[in-house]
Amino acid sequence: MMGRPTVITGVGVAAPTGVGAEAHWANLLDSKSGITRISRFDASGYHVQLAGEVHDFDASDHIPRRLVAETDHMTHLAFAATQEALDGAQLNSAEHSDLELSVVTANSSAGAAFGQRELEKLYSEGPGAVGAYMSIAWFYAATTGQLSIRHGLRGPCGVIATEQAGGLDALGHSRRALDKGARAVVVGGSDAALTPYGVVAQYANGNLTSCTDPGRAYLPFDRAASGYVAGEGGAMVIVEDTASATGRGAPILGELAGYAATFDPHPRTGRPSTLRRAAQLALDDAQLGADQIDVVFADGYGTSAMDTVEVETIAALFGRRAVPVTVPKTATGRLYAGGAALDVVTALLCMRDGLIPPSINITDPAFDDQLDLVIGAPRDAPVRTALVLARGYGGFNSAVVLRRPDSLHQ
């Protein structure tokens, strides 16, 4: 449950909708999709043809070339997003003790691009061709370690592996780091598994769409829903103790008011999902009632069964069509560990501008009698609070409540 009051002071984005939070936000409001045919390799013989790729991204624009060679694409994206977040928060790590600064990231697929390249060397050239950085660059915790080294973040650190729920779970862990004495935590998630073996590994859950039309492939809560599109990228934010952030005059973008996580029972038990419990616990943590939430950023899995569970959860918690619901990830695909972190940034921008971004491409809502889904165009609304939901494959459920700071109400 909530410890000290916690705020978000900086955000950074590297996503299919744009590199940079403002580019991402502008494209969402313009209903521009980042879902395209896979361009990283010839995917013509694969079950999956589409993905949310981060285009026009050159890692050497963000980090030294030496680091580019030593790290994976997932880490490159996190480097870019982290620097933007630090700059936005006006946080100079050199001005603080390294033990007061922490980093917690989420990841679910590890360094697929680096691993693919080195394994190809292994099988074509032999073990002597495999570089030494294969031992660390592919690892789930590599991004946390590299950010810690680059920015001098040596307080309580960690990595979360709960798939799509990871970005929210990392936020929950950041509060623990603050309670342990950290002054600021770099938090977020990134994934980048758009390689031949990375894509094949994603087949296992059976929920990827085989649709080849980018405008019709990922349609959560639509009658034509056929699964989801995978994507890459994510977002990073700076989480700080409220008193510390206020004391140094940091820009406060929003309050991390509530967080909770639950785990579903095995499907064979016949017991229901615990997503509603996660949402209720997050509301309790924020000391808010359901009637005080202005918008829900839904998980939006994109299959009939999973969408039905989420609709029933939202309707039971808020009432039928009682709160606007949006799924901005329809423009990016599901970014796994990066997806919920990106939703958090989008929710903060939504509160800042009083605009709820649309769920693009959805034209035939399947749950129109229960869900007030924002489609077609952005919706003007005074957004003071937002509930972000996320589910990770295997049963992970997480929920975060964000609140616009009082200074931004004016």
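Okay, a definition to begin with: a residue is buried when its relative accessible area is under 20%, exposed when that is over 50%, and partly exposed in between, using a 1.4 Å probe and protein chains only.

Some housekeeping. This is a predicted model, where local features need pLDDT of at least 70 and side-chain atom pairs count only at pLDDT 80 or more, while totals for chains, interfaces and linings use all residues. Residues are numbered from 1 along each chain as its sequence is written, and side-chain values use heavy atoms, with hydrogens and water left out.

So, the overall fold. The chain has 12 helices and 16 strands; those are DSSP runs numbered from the N terminus, with helices being H or I of at least four residues and strands being E of at least two. The radius of gyration is 20 Å, close to the 22 Å from the globule rule for 410 residues, so the chain is as compact as a globular protein of that length. That radius is taken over C-alpha atoms, and the rule is 2.2 Å times the number of residues to the power 0.38. Along its principal axes, the C-alpha trace spans about 60 × 55 × 45 Å. Now contacts, meaning heavy atoms within 4.5 Å: of those with a separation of 6 or more, 79% are between residues 24 or more positions apart.

On to the inside. In soluble globular proteins, nonpolar side chains tend to be buried together. What I'm calling a nonpolar core is a set of buried Ala, Val, Leu, Ile, Met, Phe, Trp, Tyr and Cys residues joined through side-chain atoms within 4.5 Å. The largest one here has 50 residues, and those with the most contacts inside it are Ile8, Leu168, Leu171, Val237, Val345 and Leu402. Helix 12, residues 337-353, gives the largest share of this core, with 11 residues. Then there's a second, separate core of 46 residues, with Ile35, Ala298, Leu317 and Phe367 among them.

What is it in contact with, leaving aside neighbours within four places in sequence? The list is Val237, Ile238, Val239, Pro251, Ile252, Leu253, Gly254, Val344, Leu348 and Leu402.

On a 1 Å grid over the protein atoms alone, a cavity is a set of points where a 1.4 Å probe fits but cannot get out, a pocket is an open set with protein on both sides within 12 Å along at least five of seven lines, and lining residues have an atom within 4 Å of a point. Grid points are joined across faces, edges and corners, and a volume is the space filled by probe spheres set on the points.

The largest pocket has a volume of about 470 Å³. It is lined by 22 residues, and Asp264, Pro265, Pro267, Met306 and Gly395 lie nearest its centre. Helix 11 (304-318), strand 15 (385-392) and strand 16 (396-403) each supply at least two lining residues, and helix 11 has the largest share, 3 residues.

The second largest pocket holds about 310 Å³ of space. Of its 17 lining residues, the closest to the centre are Ser108, Ser109, Ala201, Gln202 and Tyr336. Helix 8, residues 196-202, gives the largest share of that lining, 4 residues.

Glycine 395 sits in the loop between strand 15 and strand 16 and is buried, at 11% relative accessible area. Not counting residues up to four places away in sequence, glycine 395 touches Thr262, Phe263 and Asp264.

Last stop, backbone angles. Most residues other than glycine have a negative phi. Glutamine 287, though not a glycine, has a positive phi of about 55°. Glutamine 287 lies in the loop between helix 10 (275-286) and strand 10 (295-297), and is exposed, at 73%. Asparagine 361, also no glycine, has a positive phi of about 75°. You'll find asparagine 361 in the loop between strand 12 (355-356) and strand 13 (372-373), where it is partly exposed, at 26%.
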